[in-house]
Amino acid sequence: MPERRQEQKLALQGGLKAVGRIEGKGRPKVGIEEFMAVARRFGFSPTALRKVRAAIAEEDMGGGPFLANYYSDLKETCVQRFERAARETFGVRHALGLNSGTAALHAAFVAVGVGPGKEVICPAIGFMATAAAVVTARGVPVFCDVDESLHMDPAAFEELITPRTVAVAPTHVMGGVCDMRAIMRIARRHKLAVVEDCAQSSGASFRGRLVGTFGDVGCFSISAYKIVGAGEGGLLVTDRKRLWERASQLAECGGLWRPDRFAAPRHEGELFAGTNYRMTELEAAMDAVQLRKLPAVVRRFRTVRTRILKRLRTYAEITPQKLNDPEGEVGYLLRFFPETLELGRQIAQALNAEGVNAWMRSEGASPDWHQYSYMYPITLGESPTGEGCPFGCPHYVRAGGKIEYGRGDCPVADDLFDRVISVHLNQWYTAADCRHIADGVNKVLAAYCTRDRGAAPWL
Ligand SMILES: Cc1ncc(COP(=O)(O)O)c(C=O)c1O
């Protein structure tokens with residue numbers, strides 16, 4: 001019989017513990033080098049970087065931060081701070097930070113019930129991400145023509161509604177705003193969900209109310225290329241708890257957003273397979289600050305745009321872009337339509353020669369994903385597998401759905417997208433800059449057009 005030695009008595013029975021203490025001392029998982037990588041990305045000088053390194057080296061970071069939104073012992077994580085800033089900025093009950101505007105749109109479409117056999121009406125001018133998010137939600141986008149505001153034409157929208165339509169996605173284009181009164185009226189009459197795409201017009205308003213708060217859900221991109229934002233980020237806002245829950249489930253299907261991630265569904269439609277579109281703590285740290293800057297940024301753009309528009313003269317051969325709400329638009333572009341492409345080319349060239357940053361696309365230019373007919377990943381009707389869903393999905397076909405896309409579907413957009421002249425404005429222009437730019441535009445228009453005091457005014 002083997003002898004039982006005293007030291008083998010189990011700790012449970014009062015014996016010695018096998019592991020008394022751990023000698024290996026951990027270093028922070030996310031420590032100085034990572035912090036320095038961020039500082040370097042900001043472009044600080046070598047001297048500043050040395051000082052930053054010395055300052056953080058003095059800190060004892062213990063096990064170090066993990067930069068996680070969930071399972072954090074912080075009272076409020078950066079993502080939560082960003083979402084609180086969003087609720088306060090937009091005056092909404094629920095906000096969800098995501099890793100892109102496209103993710104926000106996908107989550108929103110799934111939340112409102114877009115799926116196989118369903119159509120969503122999207123604008124002919126906007127950005128491909130809106131229609132692409134419809135397709136990733138297994139729905140079919142139907143493009144709606146624009147009017148002279150370059151935004152969705154409410155009359156055209158109503159004509160496109162079919163029994164398969166479940167939602168409309170008005171996109172506020174390049175600092176402008178849709179006619180939300182008309183769109184909401186039609187959408188409500190036909191019981192359609194409204195997903196506002198505000199990626200290009202964060203902070204704009206229509207008749208005193210911020211865009212993103214009219215529809216059932218408002219989606220924003222908070223990326224480096226937008227009015228406010230850094231890196232890649234997205235935001236979804238809504239007043240409706242159930243929609244916020246479904247969007248959260250799509251965006252964080254691990255269920256960490258739920259009070260008890262493993263609990264049975266609390267109501268029908270709460271649980272389904274989603275993905276991981278979580279916003280990161282680093283991104284949220286930046287975006288919470290960026291979002292607080294939004295009102296001041298928008299104010300500056302509006303001041304610049306108003307100063308310039310007030311000085312502009314009217315001419316017979318050009319038409320200013322129709323503004324659905326001159327007070328509410330952010331206005332980082334000043335836009336107008338020359339009568340012909342040839343005239344437009346001359347005006348754009350002359351403006352640039354005067355030092356005014358102006359641009360016109362013109363016909364035959366390279367493809368552009370801001371206009372429906374160039375959105376090839378959608379218009380080709382292809383899908384990652386051979387079955388051809390959602391375009392050829394039995395649910396869609398059996399419901400009478402059939403779609404093909406091509407230039408000519410939205411003739412107003414075809415024409416105006418090529419012909420619009422865009423003058424880029426900068427929020428930091430001084431009063432003198434504004435004067436010089438307005439005078440430059442007047443000078444060029446006077447050279448190519450006929451003064452017409454009775455023509456449509458700029459403002
Ligand atoms: C109108 C519109 N919607 C959605 C997006 C997509 O946003 P993100 O790039 O953050 O995915 C963009 C981006 O340019 C956009 O302009």
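Predicted model: local features only at pLDDT ≥ 70, side-chain atom pairs only at ≥ 80, totals over all residues.
In total, 23 salt bridges are counted.

A further salt bridge joins glutamate 404 to lysine 402, with 3.9 Å between the closest N and O atoms; both residues are exposed. Aspartate 418 and arginine 407 also meet through their side chains, at an N to O distance of 3.2 Å. Because aspartate 418 belongs to helix 13 and arginine 407 to the loop between helix 12 (394-398) and helix 13, this pair ties together parts that lie 11 residues apart in sequence. Aspartate 418 is buried, at 5% relative accessibility, whereas arginine 407 is partly exposed, at 47%. Salt bridges with shared partners also link Lys241, Arg242, Glu245, Arg258, Arg266 and Glu270 into one network.

An open sheet is formed by four antiparallel strands in the order 10-11-13-12. Strand 10 (318-320) and strand 12 (358-360) each have a single partner strand, so one side of each is left without a neighbour in the sheet. On average, neighbouring strands are turned by 25 degrees against each other, direction ignored. Three bridges connect strand 10 with strand 11 (residues 333-338), and threonine 319 stands opposite phenylalanine 337 of strand 11. Helix 10 (residues 341-353) packs on the sheet, touching strands 10, 11, 12 and 13, and its direction makes about 160 degrees with that of strand 12. Helix 13 (residues 411-419) also packs on the sheet, where it touches strands 11, 12 and 13; its direction makes about 110 degrees with that of strand 11.

Methods: Residues numbered from 1 in each chain as written. Heavy atoms only, no water. Pairing = 2+ DSSP bridges. Helix = DSSP H or I, 4+ residues; strand = E, 2+ residues; numbered from the N terminus. Axes fitted to C-alpha atoms, helices over the stretch in contact; angles between N-to-C directions. Contact = heavy atoms within 4.5 Å. Salt bridge = Lys/Arg side-chain N within 4 Å of Asp/Glu carboxyl O. Buried < 20%, exposed > 50% of the residue type's maximum accessible area, 1.4 Å probe, protein only.
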